[in-house]
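Thank you all for coming.

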Amino acid sequence: MTTPPKQIVIAGGGTAGWIAAVALARKMGPLVNIRLVESSTIGTIGVGEATIPPLRTFHKLLQIDEQAFMRATAATFKLGIRFENWGRIGEQYIHSFGMTGQQSWLAEFVHFYLSAKARGLEGDYGDYCFELEAARQHKFATSAQSNIQYAYHLDAGNYVAFLKRFCSNLGVTHCDGVISQVLQHDNGDIKALRLASGELIEGDFFIDCTGFKGLLIEETLHTGYEDWSHWLLCDSACAVQTTSTEPAAPFTRSAAHHAGWQWEIPLQHRTGNGNVYSSAFMDDNEASEQLMQNVKGEAITTPRTLRFKTGRRNKAWHRNCLALGLASGFVEPLESTSIHLVIMGITRFMQLFPHGGNYQALTDEYNQQTQLELERIRDFIILHYHVTQRDDSPFWEHCKNMTVPDSLQTRIALFKEQAHAFQKQNELFRVDSWAQVMLGQGVTPDYHHPAAAMLSDAQLNQSMQQQRQRVLQAVAQLPAHEDFIRRYCATPQKAEALL
């Protein structure tokens with residue numbers, strides 16, 4: 001038996017690099033020796049500050065204490081995203097993390113909701129989701145007995161620093177240096193990284209966390225890139241940090257404008273803001289000016305512009321190299337999936353960890369799973385742009401009328417015709433997510449499942465009222481989000497400010 005590749009070299013730090021280092025060191029233990037190479041002179045993107053619930057599972061797997069993590073990253077809780085002006089100007093809805101309504105094996109709750117609405121029920125779909133109502137009322141609490149679904153808003157720079165400290169006792173070797181050359185074996189595999197200092201760092205397997213440039217996976221191994229910018233037009237973002245002007249809300253804010261959208265992410269000590277836009281419909285100066293006009297607090301950083309191209313590497317794993325984070329592709333930040341994709345990428349790699357010999361079958365399986373996951377997330381993001389009712393600008397006219405992937409068109413047709421929103425095996429976004437976005441942006445199904453018609457008006461009305469009351473009563477027991485943070489995980493600065 002040959003031994004598995006033990007010398008793992010991670011090229012690049014940032015969130016992707018340090019998540020990979022922590023996961024491998026914590027879960028693979030003596031099977032690997034890890035060296036992470038990053039340069040303190042090269043900055044990171046550092047704006048991925050909103051997350052989704054699977055991060056909590058990942059932290060539990062790594063035995064990361066939630067309160068310590070939240071204090072270190074000035075984190076707040078996130079119950080979903082409030083979308084403003086996406087369906088029509090002046091309208092808003094929340095895409096939340098929780099389950100909506102009472103589940104049935106025969107038909108999803110959305111069918112019963114539509115039946116009740118057709119019979120004169122007031123209110124909207126989100127009224128029957130605990131997490132969504134808590135977000136509306138700016139309330140939050142969790143405990144060991146709680147099953148509330150939530151994620152975090154966090155300071156990306158502080159999160160990297162937290163992961164570095166967490167790695168300090170896990171045997172990870174940290175090397176500060178600029179990679180000047182990537183050396184290859186005769187067969188094309190990567191052999192070593194040469195640093196500007198002349199030091200040579202050899203390895204059995206290499207993980208590329210060098211960002212959009214993909215120094216290993218693309219500039220060395222030339223895997224190619226599948227461009228999705230004809231569906232996802234936004235290719236730029238302008239980001240700035242501001243002072244907080246109000247208690248932190250337990251949701252991310254996404255407000256659409258004539259050429260993209262603006263985010264607002266509340267942390268304990270500040271607010272993260274950004275303007276995501278298509279450079280074909282808005283120039284950088286206009287984007288920066290619009291952002292600064294719309295932020296609520298005083299700027300504490302200088303606005304900076306970022307460029308990106310949505311899409312994916314043709315192969316995330318090629319030869320003895322795995323690409324993670326921006327090196328593997330980018331779907332855009334609308335649904336906060338960037339950190340999740342890093343976690344899934346390294347988790348999938350550990351599950352398919354090569355044990356020497358020929359591992360082409362593992363590589364093929366990894367790439368197939370990664371492609372499927374990315375395409376399903378891509379479709380969900382495109383959905384937000386495509387099912388809009390807006391026609392007030394060339395950008396939205398294009399999004400509304402563009403041809404979308406067949407896989408997405410089928411989903412939209414299923415919902416429009418018969419109110420079916422399916423969650424496929426191992427799919428990130430569940431039925432409730434698809435239904436919330438489509439209903440929230442004005443897609444009205446023509447029909448719904450006849451199972452709902454088996455209930456009389458009185459029976460259906462009683463059931464809906466009971467479900468609504470359960471949500472309201474449960475939310476009424478929660479403290480304000482700001483109060484819970486103060487008691488549970490406030491940073492020293494935050495706690496002092498609240499005295």
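Predicted model: local features only at pLDDT ≥ 70, side-chain atom pairs only at ≥ 80, totals over all residues.

In which loop does glutamine 63 lie? Glutamine 63 lies in the loop between α2 (54–61) and α3 (66–73), where helices (H or I, at least four residues) and strands (E, at least two) are DSSP runs that are numbered from the N terminus.

Residues are numbered from 1 along each chain as its sequence is written, and side-chain values use heavy atoms, with hydrogens and water left out.

Let me start with the whole chain. The protein chain holds 15 helices and 21 strands, and its C-alpha trace spans about 75 × 55 × 50 Å along the principal axes. Because a compact globule of 499 residues would have a radius of gyration near 23 Å, the 23 Å of this chain agrees with that expectation; the radius is taken over C-alpha atoms, and the globule rule is 2.2 Å times the number of residues to the power 0.38. Of the 499 residues, 56% count as buried, and here buried means under 20% relative accessible area, exposed means over 50%, and partly exposed lies in between, with a 1.4 Å probe and protein chains only. The accessible surface comes to about 21,300 Å², and 49% of it belongs to carbon and sulfur atoms; these areas come from the Shrake-Rupley method with a 1.4 Å probe, and for residues only the protein chains shown count as cover. As for contacts, which means heavy atoms within 4.5 Å, 77% of those between residues at least 6 apart in sequence join residues at least 24 apart.

Most residues other than glycine have a negative phi. Glutamine 63, although it is not a glycine, has a positive phi of about 60°, and at 60% relative accessibility it counts as exposed. Histidine 222 also has a positive phi, near 55°; this histidine lies in the loop between β11 (205–208) and β12 (225–227), and at 58% relative accessibility it counts as exposed.

Next, please find one of the sheets. It is an open sheet of three strands in the order β8-β9-β10, with antiparallel pairing, and two strands are said to pair if DSSP finds at least two bridges between them. The edge strands are β8 (179–184) and β10 (200–202), each of which pairs on one side only. Neighbouring strands of this sheet are turned by 25° against each other on average, direction ignored, where the axes are lines fitted to C-alpha atoms, for helices over the stretch in contact, and angles run from 0 to 180 degrees between N-to-C directions. Five bridges join β8 to β9 (residues 190–195), and glutamine 184 stands opposite isoleucine 190 in β9.

Leaving aside neighbours within four places in sequence, its contacts include Tyr150, His153, Thr252 and Ser336. Glutamate 335 lies in the loop between β21 (329–330) and α8 (338–351), and at 2% relative accessibility it counts as buried. Not counting residues up to four places away in sequence, glutamate 335 touches several residues, among them His95, Phe380 and His384.

Alanine 156 lies in helix α6 (residues 156–167) and counts as buried, at 3% relative accessibility. Alanine 156 and alanine 75 are 81 residues apart in sequence and 9.8 Å apart in space, C-alpha to C-alpha. Alanine 480, by contrast, is partly exposed, at 31%, and lies in the loop between α13 (457–476) and α14 (481–488). Its C-alpha atom is separated by 36 Å from that of phenylalanine 415, which is 65 residues apart from it along the chain.
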